[in-house]
Amino acid sequence: MSRFINLACAQMGPIARTDSRTVVVRRQIALLREAKSRGADFVVFPELAFTTFFPRWLLSDQAEIDSFFERDMPGPETQPLFDAAKDLGIGFYIGYAELAEEEGHTRHFNTAIIVDSKGGIVGKYRKIHLPGHAEPVEGRASQHLEKRYFEPGNLGFPVWRTLDGIVGMCICNDRRWPETYRVMALQGAELVCVGYNTPDDHTGVFDFDQFTGFHHQLSLQAGAYQNATWVAAAAKSGFEEGSNMIGLSMIVAPSGQIVAMASSTGDELISARCDLDMGTLYKRTIFDFARHREPSHYGLIVERKGAVVEV
């Protein structure tokens, strides 16, 4: 038996610092409408999709910093996106900077949500693997200061039963870490949604940064194959406020094969008809965790004070 979902990734081109959320949301609604015209059931948008990638700057005014964050989701300027999704009968994943009041404290997270075809929020994820630095690196024109502006996510890697399947979320740098996919796969994930904003100079070391696109693609394909899940990844891309952001939005099958990929660095929709039961085949054969995964026999070796200790 097959369970098909018509899946789309809505890559977005540059967002200027002066672009209002209203302007950005209009672009997102246009992409939603295009997705609907192609018969899509669900659309994946990028990380920090309502604003420019502000962690590239050293900012000191807290009010200015907070202006990039959403206190409510949806809020007055983002509500039209939810209304459009409801009118079109299409769901979506989207990332944004979240300002939350929790336990008497103001918290700042890099967040993503899943919204269903009725415009309701199904699930929320907060980015765990924050890249970059808390303090600026001397000599760099463009910084990567996510550790300065965000706290690590505190919601773990949950999955949700939606879209007639089991869906998980992660954000940008999370995609590079194998445990991201494995934690969700152990909960039965059949689709992992990823939004990202990745510059081509994120480490400042050319010998590493020249492989940015390759490493991005490798992470998604390995995560999909080794965990028998579909992966849908959407970029914010293009030359944004002095930074070259990679595109390469893609949909990857549980086989590790790329079934759709963006060919530009601007607003672009890619789509594919995805059989969620394709992952079942891989979970029943090579990656049958119950039969073949032996964590108790891994014999983890750690080095401690010069001695090798088996635990």
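A residue is called buried when its relative accessible area is under 20%, exposed when it is over 50%, and partly exposed in between (1.4 Å probe, protein chains only). Keep that in mind as we walk through this predicted model, in which local features need pLDDT of at least 70 and side-chain atom pairs count only at pLDDT 80 or more, while totals for chains, interfaces and linings use all residues. Residues are numbered from 1 along each chain as its sequence is written, and side-chain values use heavy atoms, with hydrogens and water left out.

Let's begin with a sheet. Helices (H or I, at least four residues) and strands (E, at least two) are DSSP runs, numbered from the N terminus, and two strands pair if DSSP finds at least two bridges between them. Here six strands build an open sheet with mixed pairing, in the order 6-7-8-9-12-13. Strand 6 (159-162) and strand 13 (258-261) are at the edges with a single partner strand each, so one side of each has no neighbour in the sheet. On average, neighbouring strands of this sheet are turned by 20° against each other, direction ignored; axes are lines fitted to C-alpha atoms, for helices over the stretch in contact, and angles run from 0 to 180 degrees between N-to-C directions. Strand 6 pairs with strand 7 (residues 165-171) in the antiparallel sense over four bridges, and Val 159 has Gly 168 in strand 7 as its bridge partner.

Now for the helices. Helix 5 (residues 178-185) lies across strand 6, strand 7, strand 8 (191-197) and strand 9 (230-236), at about 160° to strand 7. Helix 7 (residues 212-226) also packs on the sheet, touching strands 8, 9, 12 and 13, where contact means heavy atoms within 4.5 Å.

Next, look at charged side chains. Side chains of opposite charge can pair when their charged atoms come close. A salt bridge is a side-chain nitrogen of Lys or Arg within 4 Å of a carboxyl oxygen of Asp or Glu, and the structure holds 17 of them. One of these joins Glu 190 and Arg 3 (2.4 Å, N to O). This pair links distant parts of the chain, 187 residues apart, and both Glu 190 and Arg 3 are buried.

Arg 17 and Glu 64 form another salt bridge (2.5 Å, N to O). Arg 17 is partly exposed because its relative accessible area is 35%, and Glu 64, at 31%, is partly exposed too.
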